[in-house]
Amino acid sequence: MSSSSPQDGGIPLSNSVVSEAMSRYNLAPGTPRTRLARLIRERELRRISRSGSVEDISGGVNREEDFSPFSNDGESSIYFNEEGLTDGIASEDGEREARPKQRLLVVANRLPVSAVRKGEETWQLEVSVGGLVSALLGVNDFEARWIGWAGVNVPDEVGQRALSRALAEKRCIPVFLDEEIVHQYYNGYCNNILWPLFHYLGLPQEDRLATTRSFQSQFDAYKKANQMFADVVSKHYEEGDVVWCHDYHLMFLPKYLKEHSVDIKVGWFLHTPFPSSEIHRTLPSRSELLRSVLAADLVGFHTYDYARHFVSACTRILGLEGTPEGVEDQGKLTRVAAFPIGIDADRFTRALELPQVQQHMRELMGRFAGRKLMLGVDRLDMIKGIPQKLLAFEKFLEENPRWHDKVILLQIAVPTRTDVPEYQKLTSEVHEIVGRINGRFGTLTAVPIHHLDRSLDFYALCALYAVTDVALVTSLRDGMNLVSYEFVACQAEKKGVLILSEFAGAAQSLGAGAILVNPWNITEVAASICYALEMPAEEREKRHKHNFTHVTTHTSQEWAETFVSELNDTIVEAQLRTKQVPPPLPVDLALDHYKRAGNRLIILGFNATLTEAADNPGRRGDQIREMEPKLHPDLKEPLKKLCNDPTTTVVILSGSTRISLDENFGEFDMYLAAENGMFLRSTRGKWMTTMPENLNMDWVDSVKHVFEYFTERTPRSHFEVRETSVVWNYKYADIEFGRLQARDMLQHLWTGPISNASLDVVQGGRSVEVRAVGVTKGAAIDRILGEIVHQQMMREPIDYVLCVGHFLGKDEDIYTFFEPELPCDPPVATRASSVDAVQPNALRMSPLSNGCRASRNKAHRPLSDKRPGNHHHHHHHHPPLTTWQPLAFDKLLLHEGSSVLDLKGDNYFSCAVGRKRSKARYLLGSTDEVVALIKQLVEPQAELGQAV
Ligand SMILES: O=P(O)(O)OC[C@H]1O[C@H](O[C@H]2O[C@H](CO)[C@@H](O)[C@H](O)[C@H]2O)[C@H](O)[C@@H](O)[C@@H]1O
Ligand SMILES: O=c1ccn([C@@H]2O[C@H](COP(=O)(O)OP(=O)(O)O)[C@@H](O)[C@H]2O)c(=O)[nH]1
């Protein structure tokens with residue numbers, strides 16, 4: 001995921017904040033302070049607790065013969081202990097006493113059991129087929145409830161009650177979906193739209209859509225079904241539960257659950273790939289789906305690639321900030337990470353010891369004696385690449401006549417989603433290809449392909465895996481593909497070869513041991529078949545060993561524990577982060593103090609503070625409009641009133657140029673401080689500057705060349721040359737490319753030929769700014785106020801300060817300038833090599849320019865003193881321009897010797913706009929809120945208050 005700059009909010013958590021939050025949230029003393037340290041410790045604790053259970057298992061009863069979770073003999077054959085569904089080989093109850101069990105609500109479209117009605121009130125439960133169910137069956141260490149659809153329509157209440165009872169024994173809770181919803185939501189939106197799209201098969205064409213009604217009605221049904229799941233979860237939710245939502249069927253669930261209660265811990269895991277953002281952006285409901293998922297606290301994927309695609313979709317489609325941790329939206333972080341699923345490998349290795357499985361293996365070996373056995377096990381789904389597999393096998397036979405009659409491909413094709421027309425078409429297509437190949441290469445006694453349109457029971461499957469020479473997985477895309485894991489787990493003896501599609505998530509974990517192929521390249525797959533069949537034993541062993549180690553250590557139990565542990569930690573982390581977020585501005589309080597004050601100072605930023613919001617929902621803003629910022633039209637009237645109030649001084653303090661401030665604010669009676677305070681003007685008078693005559697601006701041309709170079713190479717970026725700074729902005733460029741370019745640019749500015757110039761390089765969220773060294777708003781405010789107090793011949797102390805802006809991190813020193821009790825900040829950090837050469841006079845004159853109030857109290861010079869130099873007219877850059885000799889505000893006293901500022905702490909309101917982390921005391925969400933605030937300030941009651 002992408003990197004963030006310090007200005008993006010990378011303010012580190014201070015120790016005191018962490019300790020306070022830890023005690024507030026009942027974190028045990030000794031709890032590590034960083035996320036990583038906590039997670040590593042959690043993992044250690046799990047290992048310790050597990051090593052205890054291993055001893056117990058070794059001394060325990062062998063219950064293997066009880067075990068037949070995947071039997072499809074019609075009986076309810078999965079086993080449950082008090083935690084719910086288990087594989088029947090779970091460890092004894094006492095084994096995990098050391099750690100309390102986490103209550104977990106597992107929500108997936110499909111329950112691990114599907115129901116078959118045998119009578120009005122009689123139900124038979126069968127284990128559902130699919131990787132999601134297989135993986136979750138291996139998860140034991142939680143007190144889990146399962147919530148999902150039982151795969152059947154139950155229209156009558158009697159039936160619903162009976163089924164709920166039967167499922168309750170298995171700790172399963174049904175969501176009853178009627179036929180129409182299943183048709184629109186499951187067959188339609190899930191399996192005809194999201195499934196193919198997420199697997200890079202594109203959106204259906206209109207004619208395909210027509211068969212399942214319109215996209216919109218399917219989407220509505222999808223949302224409705226998600227709401228039904230949410231309702232059932234809410235009914236069964238208990239405080240402290242973790243709710244783990246699974247898969248593309250339930251992308252709205254995190255949002256609905258958080259709407260029910262923000263305190264629910266919600267995780268969402270996707271079992272399929274998440275495609276490139278370029279694919280996702282074709283989906284009409286792309287933004288809604290992303291935003292709903294982002295409501296979760298933790299979002300998980302099988303691979304880093306899928307996670308990266310998701311973050312990228314959120315940055316490119318929603319315009320949000322991608323960080324190494326996840327996706328940030330106005331300070332709220334949704335953690336995004338990869339959690340590769342696994343299997344319960346022990347279940348398979350132990351099953352191979354069972355007499356019935358051994359018997360089965362003997363039968364199979366007898367039947368296929370003298371031939372090598374190749375195996376494919378897939379749901380009959382277009383993503384599994386079954387036609388491609390068959391065609392590659394055909395090509396292999398065609399090119400290697402010596403293998404005719406010596407090899408057989410056994411393809412188990414489990415029927416799935418049979419109500420969806422695409423799947424029906426695929427079935428006929430596959431049958432046709434099998435028929436053709438068998439016709440072409442078959443003999444009187446044997447055919448090269450055995451194709452079964454059915455599922456097998458667990459024993460049969462294990463036996464098959466164990467006797468196979470080469471497993472062939474040719475998925476065109478596959479979230480993970482657990483069949484490849486299961487095959488490896490069963491090959492301890494035989495050490496067969498795995499041919500694996502590079503487009504399956506499993507390729508990332510089993511890639512080293514498997515032969516990776518591109519399933520679209522039939523020639524390559526055919527050659528790999530030959531290579532695998534003829535591979536020397538030594539190489540097979542090496543490859544197998546590698547994969548076996550992975551499969552037996554990265555188990556489904558480990559997967560679930562890691563996910564839940566990270567989810568729990570995400571909540572801790574969020575609470576720690578929340579501590580850092582300033583509260584919203586208490587508007588009533590701000591108004592109340594405003595009313596009571598007799599001499600007010602209002603400092604306002606311009607860009608993104610007083611400008612109209614340029615962002616449309618779901619899109620990024622309008623570049624042309626933002627390049628020439630304009631005052632929000634609704635502000636004209638209230639701002640005029642505010643400025644006309646004789647007891648209120650308004651200062652616009654902005655990075656913008658004098659020209660821009662003149663254009664936007666020339667008509668108001670106020671002070672304008674352009675270019676971060678390097679220029680000052682009362683709108684009744686002329687511009688003045690504190691820039692020393694000899695200010696060295698030679699660097700501007702060199703920086704301009706650098707900016708031109710990058711602008712030429714970064715579409716939709718632009719730069720602006722101001723009098724004291726140059727700003728390059730890439731907000732509208734491709735975000736990731738823009739960041740890369742910015743990184744290169746910063747590197748060059750910091751270390752290249754101009755690194756010795758006296759300049760500050762300021763990194764913004766989507767900008768790079770180069771300024772004369774030492775220029776910040778906080779540094780300038782001292783001189784500005786000195787001048788204003790002097791010009792106004794102020795008699796009353798300033799007893800109310802409101803400072804509102806959307807400032808760069810570096811300029812946030814303005815907020816701390818007015819803080820009564822802050823310790824002195826260290827001087828502004830700079831990369832400049834020769835500060836003195838360009839330091840504005842005031843910065844040299846005043847030792848207090850960092851705004852430390854404590855030292856300001858030592859002010860000693862009464863205002864009646866004449867300051868040295870007075871007004872000088874200088875022709876500097878933009879003549880005519882007065883150079884004002886700054887009178888340090890912090891040295892000013894009123895005539896009777898009292899301080900100019902009368903801030904006791906509660907009459908000072910600093911407020912950041914549209915930021916989440918800030919040095920300001922408070923936050924306002926948007927420019928609209930600023931508009932509302934200013935309107936309220938000038939409302940009649942505020943004026944009334946003033947009179948009091
Ligand atoms: O429930 P169905 O519609 O019958 O489909 C079965 C499951 O198919 C998908 O499985 C995925 O999950 C596996 C485990 O994470 C993964 O290995 C595989 O690559 C995926 O295709 C689907 O995501 C599940 O929701 C379905 O239940
Ligand atoms: O006859 C069968 C064939 C397959 N499976 C199981 O179905 C799952 C398939 O998972 P995979 O991740 O490979 O793909 P998915 O079907 O979930 O897309 C595996 O656990 C198999 O053991 C099964 O129970 N019976």
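Of the 18 residues around ligand 2 in this predicted model, those that come nearest are Gly-131, Ser-134, Ser-455, Leu-482 and Val-483, where a residue is near a molecule if its C-beta atom, placed from the backbone, lies within 6 Å of it. Helix H3 (131-137), strand S14 (372-379), strand S15 (407-414) and helix H17 are the elements that give two or more residues to this shell, with helices (H or I, at least four residues) and strands (E, at least two) taken as DSSP runs numbered from the N terminus. Because the model is predicted, local features need pLDDT of at least 70 and side-chain atom pairs count only at pLDDT 80 or more, while totals for chains, interfaces and linings use all residues. Residues are numbered from 1 along each chain as its sequence is written, and chains are lettered from A and ligands numbered from 1 in the order in which they are written.

**Overall fold and domains**

- The protein has 34 helices and 35 strands, and buried residues make up 46% of its 948 residues, a residue being buried if 20 or more other C-beta atoms lie within 10 Å of its own, exposed if 12 or fewer, and partly exposed in between, with C-beta atoms placed from the backbone.
- Among contacts between residues at least 6 apart in sequence, 74% join residues at least 24 apart, where contact requires that the two C-beta atoms, placed from the backbone, lie within 7 Å.
- The protein is divided into domain 1 (103-204 + 213-338), domain 2 (345-554), domain 3 (587-613 + 627-694 + 776-819 + 901-937) and domain 4 (705-771), with bounds that come from an automatic or database domain assignment.
- The C-alpha centres of domain 2 and domain 4 lie 54 Å apart.

**Ligand shells**

- The shell around ligand 2 divides into 11 nonpolar, five polar and two charged residues, counting Ala, Val, Leu, Ile, Met, Phe, Trp, Tyr, Cys and Pro as nonpolar, Asp, Glu, Lys and Arg as charged, and the others, Gly among them, as polar.
- Domain 1 and domain 2 each supply at least three residues to the shell around ligand 2.
- Around ligand 1 there are 16 residues, of which Gly-130, Gly-131, His-271, Gly-479 and Met-480 come nearest, and the shell comprises five nonpolar, seven polar and four charged residues.
- Helix H3 gives the most to the shell around ligand 1, with three residues.
- Ligand 1 lies between domain 1 and domain 2, because both give residues to its shell.

**Glu-486 in helix H17**

- Glu-486 has its place in helix H17 (residues 482-489) and counts as buried because it has 24 C-beta neighbours inside 10 Å.
- Leaving aside neighbours within four places in sequence, Glu-486 is in contact with Ile-343, Phe-348 and Tyr-465.
- Phe-348 is 138 residues from Glu-486 in sequence, yet their C-alpha atoms are 7.3 Å apart in space.

**Strand S22 and its partners**

- From strand S22 (residues 671-674), Tyr-671 and Ala-673 point one way and Leu-672 and Ala-674 the other way, and all are buried.
- Strand S21 (residues 648-653) runs parallel to S22 and is joined to it by three bridges, pairing being assigned if DSSP finds at least two bridges between two strands; Leu-672 in S22 is the bridge partner of Ile-652.
- The chain crosses from S21 through helix H25 (residues 658-665) to S22 in a right-handed β-α-β crossover, meaning that, with the strands pointing away from the viewer, the path from the first strand over the helix to the second runs clockwise.
- Strand S23 (residues 679-682) runs antiparallel to S22, with four bridges joining them, and Tyr-671 stands opposite Ser-682 in S23.
- The hairpin of S22 and S23 has four residues between the strands, and in this hairpin Glu-675 takes a positive phi near 50°.
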